[in-house]
Amino acid sequence: MSGSVREAQEHRVWRFGADIDTDVLAPGAYMKLGIEGIAPHCLESVRPEFAGSVQRGDVIVAGPNFGIGSSREQAAAALVHLGLAAVIAPSYNGLYFRNAFNVGLLLLTCPQADLLQENERLMLEPQESSIISALSGRLACEPVPDFLMAMVQAGGLFNQLRQRLATQAAKVTNTPPHTSSPR
Amino acid sequence: MSPLPTPASTLAQKLIARAAGRNHVMPGEIVNCQVDLAMFHDSSGPRRLKPMLEELGATIWDRSRVVLVLDHYVPERDDESRRIVKIARDWAREQALPHVYDGQGICHVVVPQGGHIRPGMFCVGGDSHSPTGGAFGAYMFGIGSTEMLGVVVTGEIWLRVPQTIQMVWQGRLAAGVCAKDMMLHMIGRFGMNGGQYQAIEFAGDTVLGLSMQERMTLSNMSAELGSQVGLIAPDATTRAWLRATGAEVADTEHWCTDQGAALTRHDFNASTLAPQVAAPHSPANAGDVTQWAGLPIDVAYIGACTGAKLDDLRAAAGVLRGQRAAASVKLIVAPASQHDQRLAEQEGVMQVLRDAGAQVAATACGACAGYGDALVGGSTVLSTTARNFKGRMGSAEAQVYLASPYTVAASAISGRISDPRAFATVIDANGVAA
């Protein structure tokens with residue numbers, strides 16, 4: 001059992017159907033705006049009340065093929081902006097899968113996601129590859145590779161790049177001046 | 001000691017092995033690949049990359065390997081799009097990017113036409129239709145902006161080596177049936193996640209017989225099949241097309257799937273394929289045109305990287321020659337690139353389309369992505385584009401059907417979804433049949 005406070009939290013479920021696409025998550029008409037302009041319209045064409053009512057720590061439970069469509073990572077970043085703790089679905093679009101981890105959104109691939117009910121409370125144990133539902137018990141998820149788990153914990157690839165560059169810079173400063181690179 | 005023989009590999013495995021600096025890779029392995037080319041556009045590129053690069057204090061790993069295309073927000077229509085386009089232009093100048101295409105057309109068409117994508121390369125694009133590059137025997141796939149930042153800073157990207165799903169087409173397509181119909185048929189059969197983010201490879205004598213741009217349509221819509229890439233082994237057609245762009249093409253024999261390589265194979269008969277239509281709101285809602293024949297349409301849209309390349313414009317003109325769009329239909333043609341539009345103009349194809357009543361729109365992504373000239377209201381649209389998700393073209397009320405340029409042209413004339421095979425003699429006479 002993981003000891004972290006975040007994972008011990010309860011997460012309220014918002015249910016969505018299959019094939020939720022990136023135009024529904026981040027509508028083209030708002031793409032010219034920043035994430036704070038896109039997020040209020042996230043999922044509005046299927047559930048108009050979602051963006052206004054979702055609470056930090058809630059989770060989305062969806063049908064197969066979540067995130068089909070465009071490469072726009074705002075479709076994942078909007079959910080991070082709204083405070084979603086994770087998305088749980090039986091399958092994802094591959095490009096969306098990469099984008100989600102890159103922006104720090106946890107995706108759990110759960111073949112039995114369909115058992116989870118609207119509004120129920122869940123516990124997430126991503127390290128143990130499982131979800132605990134008061135109604136359905138412990139549901140198994142596909143393991144998330146360690147390097148992707150680390151990416152989510154860092155808050156996304158950007159933060160990891162920042163750390164990596166800082167480490168490199170520190171190494172450079174510690175070497176004799178005549179071998180150091182300009183930057 | 002002689003080296004161990006390399007096991008039989010798929011084209012995808014060979015391309016990845018080269019980029020990973022390995023002799024051989026196995027499906028399921030996670031590898032790090034060196035990127036030969038990174039393409040991005042005004043929407044996914046500078047406006048997202050510039051602030052992130054500045055915050056990191058990082059620079060582009062290799063400018064010569066970067067191509068920027070302004071296609072999503074041009075021509076500028078409002079303050080926001082002007083701002084986004086200005087960021088892209090200023091940044092291109094600041095960074096002295098050597099490869100910039102501004103208002104030349106849609107990235108997936110413009111970048112190959114610039115000779116940037118060649119067999120054997122490993123490429124990423126900041127757009128989901130980036131698998132288009134697979135038509136040239138390059139491993140090319142779409143990524144988001146943050147991942148593009150990672151590539152731009154490091155020149156590398158991780159990858160899980162995919163399985164290969166081979167789509168083998170044999171036989172001759174009927175007049176009025178083309179690559180778009182093949183794709184809609186496959187998406188209808190396997191669904192939008194049928195590709196399971198694996199590598200799809202298109203093969204068989206039908207595919208070998210397709211023109212380069214028709215092959216690009218197959219690879220382009222691999223995105224709608226949910227694969228990571230849509231590869232086609234390069235051949236004489238590929239080499240001839242690339243040489244015409246001025247690109248140097250080395251030997252391409254190595255870039256094919258070996259006999260005996262492990263893969264999943266699906267077979268298709270091209271000669272019995274009917275024109276396909278995909279109903280709202282998914283490309284997977286596809287079936288024979290006869291299922292929807294007679295449905296009145298308000299807009300006939302011939303546009304996008306998927307459906308307005310030179311060969312697509314020729315196909316539409318083949319049907320529309322000497323005809324007029326019905327008074328009830330707004331026919332819009334937005335050519336995929338300036339280059340294609342110029343050639344279509346020289347061949348008289350553009351004149352045929354204008355004579356048929358077409359309104360010619362900007363060579364940009366336009367209404368396809370709902371970014372530019374978005375469609376309004378609850379109209380019924382028949383479109384050569386790749387996606388008909390709810391709201392995609394700018395209006396949640398619009399009913400968007402997808403089809404080939406032949407079918408869209410035939411339906412524009414009658415004002416109703418129509419089978420272009422009724423125009424088969426016209427198409428044959430115009431010499432544009434597949």
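A: Domain bounds, as used here, come from an automatic or database domain assignment. The model is a predicted one.

Q: Which domains does the assignment give for chain B?
A: The assignment divides chain B into domain 1 (11-160), domain 2 (164-271) and domain 3 (275-430).

Q: How far apart are the C-alpha centres of domain 2 and domain 3 of chain B?
A: The C-alpha centres of these two domains of chain B are 23 Å apart. Their contact involves 22 residues from domain 2 of chain B and 27 residues from domain 3 of chain B.

Q: Which helices supply the domain 2 side of that contact in chain B?
A: In chain B, α6 (179-190), α8 (212-220) and α9 (222-225) each provide at least two residues of the side of domain 2 that touches domain 3. The most comes from α6(B), with 6 residues.

Q: And by class, what does that side of domain 2 of chain B have?
A: The side of domain 2 of chain B that touches domain 3 of chain B has 10 nonpolar, 8 polar and 4 charged residues.

Q: Now the whole of chain B: how many helices and strands are there?
A: Chain B has 16 helices and 18 strands.

Q: What is its radius of gyration, against that of a compact globule?
A: For 434 residues, a compact globule would have a radius of gyration near 22 Å, and chain B has 21 Å, which agrees. The C-alpha trace of chain B spans about 70 × 55 × 40 Å along its principal axes. Of the 434 residues of chain B, 60% count as buried.

Q: What about contacts between residues at least 6 apart in the sequence of chain B?
A: Of those contacts in chain B, 76% join residues at least 24 apart.

Q: Is helix α12 of chain B buried or exposed?
A: In α12 (residues 310-320) of chain B, 11 of the 11 residues are buried, so this helix is largely enclosed by the rest of the structure. Among the buried residues of α12(B) are B:Asp311, B:Asp312 and B:Arg314, as well as B:Leu310 and B:Leu320.

Q: What follows α12(B)?
A: B:Gly322 follows α12(B), and its phi is positive, near 75°. B:Arg321 is found in the loop between α12 and β15 (330-334) of chain B.

Q: Why does B:Arg321 count as buried?
A: B:Arg321 has 21 other C-beta atoms within 10 Å, and a residue is buried if 20 or more lie within that distance. From B:Arg321 to B:Ser379 the separation is 58 residues in sequence and 26 Å in space, C-alpha to C-alpha.

Q: Changing topic, what sheet do the strands of chain A form?
A: In chain A, 7 strands form an open sheet with mixed pairing, in the order β4-β3-β2-β1-β5-β6-β7. At the edges stand β4 (107-109) and β7 (137-140) of chain A, each with a single partner strand, so one side of each is left without a neighbour in the sheet. On average, neighbouring strands of this sheet are turned by 30° against each other, direction ignored.

Q: How do β1 and β2 of chain A run?
A: Strands β1 (residues 11-15) and β2 (residues 59-61) of chain A run parallel and are joined by 3 bridges. A:Val13 has A:Val59 in β2(A) as its bridge partner.

Q: Finally, how many residues of chain A are in contact with chain B?
A: 31 residues of chain A are in contact with 37 residues of chain B. On the chain A side, α2 (22-25), α6 (94-102) and α8 (157-174) each supply at least two residues. The residues of this side of chain A divide into 12 nonpolar, 12 polar and 7 charged.

Technical notes: Residues are numbered from 1 along each chain as its sequence is written. Chains are lettered from A and ligands numbered from 1 in the order in which they are written. This is a predicted model: local features need pLDDT of at least 70, side-chain atom pairs count only at pLDDT 80 or more; totals for chains, interfaces and linings use all residues. Two residues are in contact if their C-beta atoms, placed from the backbone, lie within 7 Å. Helices (H or I, at least four residues) and strands (E, at least two) are DSSP runs, numbered from the N terminus. Ala, Val, Leu, Ile, Met, Phe, Trp, Tyr, Cys and Pro count as nonpolar, Asp, Glu, Lys and Arg as charged, and the others, Gly among them, as polar. Two strands pair if DSSP finds at least two bridges between them. Axes are lines fitted to C-alpha atoms, for helices over the stretch in contact, and angles run from 0 to 180 degrees between N-to-C directions. A residue is buried if 20 or more other C-beta atoms lie within 10 Å of its own, exposed if 12 or fewer, and partly exposed in between; C-beta atoms are placed from the backbone. The radius of gyration is taken over C-alpha atoms; the globule rule is 2.2 Å times the number of residues to the power 0.38.
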